[in-house]
Amino acid sequence: MRSTPHPWLASTDLLIGLLDEAGNTDRAAQARLIRSRIAAPQAFVTVVGETSTGKSTLINGLLGCDLLPHDARPTTGTVTQVQCSDVNTPSYDAIFSDATQEALDKEHFIELSQTPEKGLLRLRVRARPVDERNIGLHVFDTPGYNAMLTQHEEVLIEFLPSSDVIVFVVGHRSGFGQVDQDLLEAVGSATAEDRDIPVLLAINRTPSGAHAGDKRSAEILRLAIDGLRRTPLLQLIPSANEVLPDGRIVRHPVQTEALWQQVNSLAMSPERIAVVRHKLERALLAVVAEADADAARKELQITATEEQMAGMRNAMAMLAKSQSDSHHEIELTFARLQEAIPALTSRLVRQLKIKVDAEVQQSNRWLGHADAAEWLCGHMLPFEVRGIGRALEDHMAGEIEAMNRRLAEIANTTIAELQRDAALRPEDPMAKFALSLATTLGTRIAGQAAGSLLRGMGGVGGTAAGAGNLAKMLLSRGGQLFGKTFGRAVYDQIGRVFTKQLMQRLNIAIAVLVEVATYLHEVKVWQQKLIDSANGGLDDWCITVREDLQKQQLPMLSQANHQLIDEFYGADIQDMTGKIAQGQDQRNEQAASWKAFRQKLAAIRDGLVPQP
Amino acid sequence: MNSEQLTGLLGNTDLTGLLQKYLDIDAKPRLKQQIEQLRARRFVVPIAGVQGCGKSTLLNALAFDEPVLPIDADETTCVPVEIGCEGVHGEALVHYANGRLERRPATEESLRELVHNESNPGNRLGVARIKLNSRREIFRSGLVLVDLPGTGSLTAANMATTESYLREAVGVIFVVRVVPTLTASQAQFIQLQWAALRSAVFLLSRWNDESDEEVASASAYNSQRLGQVAERAHIPLDGPPILHVVNGHQGLLASLSRNEELADRSGLRNFLGFLTDFGGKWDERVHMDITRALEGDLASLATEVARRTEIAGFDRDEHLQRMASDEREFDLLLGELDERSERVRALSNNFKQQTRQKVRAWADDASKELRNRMRTKLRAGIVDGDRLSRALRNEQEEAGRGILIDVQESALQLREAVEQELRSDEGLSQMEGVDLQSGVRVDRQESLKLENIAQNVGSLVGGGGGVLGGAELGAMIGTMTGFPPAAVIGGIIGGLIGGIAGMWAGNQVKKVATDARAKAAEPVVFAAIDEYVSSISTSLHKSVGNFANQVDEVLSQWREKTVAHHESERRRIAGGLNETHEEKQQALSVLAKDAASIASWQRELKQVQS
């Protein structure tokens, strides 16, 4: 993990100082975050596996001591973040969903990990790894299948796609069952857009003599390839229990060195580090560019005549109007979806009930109720419900696509108007002002500045996205979209994330859909009972899905869109309230100070030479 | 002009003779077809819609006072049924593939035996088409509504008839449901057909239990979605597409009970009015189109005769000069054609490569996905042969959908790109003007339509596997003399797309015969999956490979034809070099006579028009 210090560190420190001095706290904070990532590379590893496969034990192996509880009963009810740090004594925190943190002692930590409190988002452990090279590794221990899908969606939509490495744990003895398949399929679909994220299949507790080619391991690998839909890397972790010839059992420490060494070499490969570094550098340059554009506008405001000021205010008003028009578009779209989606769901379910009825009525009497129930639960309902999901998804995609188009139109019209204004009076400060605004909007679309890239991984202390993902973000957002098209990719991404999430929810919902008891009745009776039971299950499902869509998914999606718009037309560039001194002397002084700021910034910028 | 006069002109053998003589076009079949078109006053509009959209109910409501077409939740139609003003009311005329004709009462009961999959599975009875008569106003203009079998149920017996209907089709009515709103695959289906048949009418089929609000929001949504489809397919629209809302069930009830108010409320009356207008206008349009095509023919003839007259008057030097300048122009033209051909070849090869790559990725992914899904079902205890087969079929259809949509979509894009390449305005107008003599100079819209017919033919011929034979290709080029190859290549792409459409249903699952327990069933099921995936892959690879070859073939043939045409033209002009004075005078007098005939036809046509 230790590498030569990044040549930008000194300049970045100067930048932070300058921004602090100018009272530009937000940008200073962004620069600090980027600095911390530049100074010490980090990598993010997500560990996934069904409960009781020994995930916690493997992570304890990384730390060399039993910091995580590893009872035989299911332990991890929440996500635990293990941060391998250069510290002497381990420390524990709880992070809550309202963004507050609380330091914990070990007992309290264990208690919380077994029975999570309401509002708990994640637990965090900071500790020194056995192998110093693993400092900088963040390992996320995730809960089992059901909890992950119903309560910890962030794992699916955020952690998995932005991981550097994913470790999937299966028990050798228990083998690869339906739950493992479901879980690995979830991993596969969560990373479908980032297929270059390595997945390590860790077969845990292999008996002595086991090897990659043994029957059980080969079978697990075969099923895992199908589940993941690509081939994972393989690691066998020998059982820690040795059975002596006399039948006694000796417990050894778990042998996890090979596993973590492989994780390390994957996560910390020079290519991945280079990609992350490149991305961070671009983000830092974006901070500088925005700070400069901002200062330039301030300078222009100060020196402007009353008439020029009016022109600038006008440009600002234009921006504000686009912003509110965009919000309005989003509101309209989601109001329509809020109305249409629940109704659509209900009606599709009603149609499905008719199908179920016909299916059961026609079901072959010799096959009997058991077969009919199996057919319903095992195929017909999951299959049809998937179809409903697709119909809902299609409907939403149609609306969102249309909305994106309108938002793009609004943004492009604004940019074009700003440019036209600028072209009308090329020598005017007003023109410079309008151009600077247009340029800032351009940077925002292209680079998304530092803001959004510093989120990710649930806001875990900074840029946490994996290298592969970062590279993709760069690719899709890096194009010079300014003046041409609005950053569609951004919206599309929201849509995609949402879709995955919805599909997962639908799947989990079906899994608990129909409970069928054995009815020892004649055909007519069991058929009706089966239909009633299926209808009841479908009703429950419909209510759950409707509620989820109405109260969770749609508001979340709407909010994400509003947020993007606010970021795009950011309040900071619309700030015209900055007090402008009345006296000419004071004005000159203010202007001079902004000029000086920009000169210093330019000097710092010169020191930030991109690495080859 | 009245139709009789126009028909007379179209049938004039002198005209066809001159077209052959001066423009090297055998126009007889086309003119004959146009005469028929004028005489028959028949315009065919198929009705398309997904299963369960209430298509049969709607057709009943549109055409009859009581249910005549069998209504069933199941797949009803495996035979094309046409409704028009021909025939005897209350009687169904049944055409069999072997040529036999049968008259039956036009009742639901009697038709059920023929059109329902249960009583006539896979069209075992060999019915080619059924004609029904309706006395409704809408059909008086010559409108023929056709309930076509879905692609899934095309059998050898009705393939030919379906093809001929589509060849005739001038527009299409899409039936769209209120719930669910348009899905991605439906949208693509519409895009495919709409691009080919630009007169599209959209009907929102409403059920009794759907509220006004639901209908209004579905209508707004679907209209928006259709707008997106049009944009993607580059179909020009004046405004957002209109969906006519009709409650078929209510409409039928209104007819049965002669309840005017209900007929209003069902939306039926409104839609009938719309169709009547549409029909009236269509008749005018056919007339106008044919007149315009004829005008084009005559103008080309006049130009050609004038050109030859000029040349016939040349002395030796002028002759040589003209030959040299023709040669230069031809070289330029050929150069342009070659360049464009090269670009089209590159497009088609690129498409081939990308598709192959996509298919490989899909095959890998789909096998895994299908194994996952089927494993889950086996674990859940679905092991009975019938059910296992059905589950497998469902899952396979779903797994196949993605790649088929994807390849169709990129074929559509390819068509777009090829059209652009071969039809960019400057270069091509020059080509048409100079050498690729178009006997039928019609407006752009018209040429689109003709071309679309070719595409439709392609898509159905392709139904069997998406491949046109060399002879068929030759025939297409042959009958479309003078048209830029865009039309022909468009046709091949149409064939490709149609061929892919055929794969949706073509790859049926074999019954997985097993009563064994899950573990034992697994290998059988997995073998079936492998077979399915490899058959889809092989079909796609083959279609796409053949497609690229055909494009290559067409371009080569096109070049040969162009060169040959130029060659014969050169020889003709060279022949004039050594003509005696008498020969020259004679040739000039023939030309003058022909020019006079042409001028008189042109006058006649003007008269007819006014």
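The charged end of B:Arg100 sits over the ring of B:Tyr96, at 4.1 Å from the ring centre; a charge is taken to sit over a ring if NZ of Lys or CZ of Arg is within 6 Å of the ring centre and within 35 degrees of the ring normal. The model is a predicted one, in which local features need pLDDT of at least 70 and side-chain atom pairs count only at pLDDT 80 or more, while totals for chains, interfaces and linings use all residues. Residues are numbered from 1 along each chain as its sequence is written, chains are lettered from A and ligands numbered from 1 in the order in which they are written, and side-chain values use heavy atoms, with hydrogens and water left out.

**Aromatic pairs**

A pair of aromatic rings is described by the distance of the centres and the angle of the planes. Rings of Phe, Tyr and Trp (its six-membered ring) pair if their centres lie within 6.5 Å, and planes under 30 degrees apart count as stacked, over 60 as edge-to-face and the rest as tilted. Over all chains, the count by this rule comes to 8 aromatic pairs, including the two tabulated here.

| Pair | Centre to centre | Angle between planes | Class |
|---|---|---|---|
| A:Tyr92 and A:Phe109 | 4.6 Å | 35° | tilted |
| B:Phe274 and B:Phe278 | 6.1 Å | 20° | stacked |

Because A:Tyr92 lies in strand 3 (residues 91-96) of chain A and A:Phe109 in helix 4 (residues 106-114) of chain A, their pair ties together parts that are 17 residues apart in sequence. Helices (H or I, at least four residues) and strands (E, at least two) are DSSP runs, numbered from the N terminus. A:Tyr92 counts as buried at 7% relative accessibility, and A:Phe109 counts as buried at 0%, where buried means under 20% relative accessible area, exposed over 50% and partly exposed in between (1.4 Å probe, protein chains only).

In chain B, both B:Phe274 and B:Phe278 belong to helix 11 (residues 268-312), 4 residues apart, which is about one turn of the helix. B:Phe274, at 28% relative accessibility, counts as partly exposed. One aromatic cluster is formed by B:Phe43, B:Phe271, B:Phe274 and B:Phe278.

**Strand 8 of chain B**

Strand 8 (residues 199-205) of chain B has 6 of its 7 residues buried, so it is largely enclosed by the rest of the structure. It runs parallel to strand 7 (residues 171-177) of chain B, to which 7 bridges join it, and B:Leu203 is the bridge partner of B:Val175. Strand 8 of chain B also pairs with strand 9 (residues 243-246) of chain B in the parallel sense over 4 bridges, with B:Leu243 as the bridge partner of B:Phe202; two strands pair if DSSP finds at least two bridges between them.
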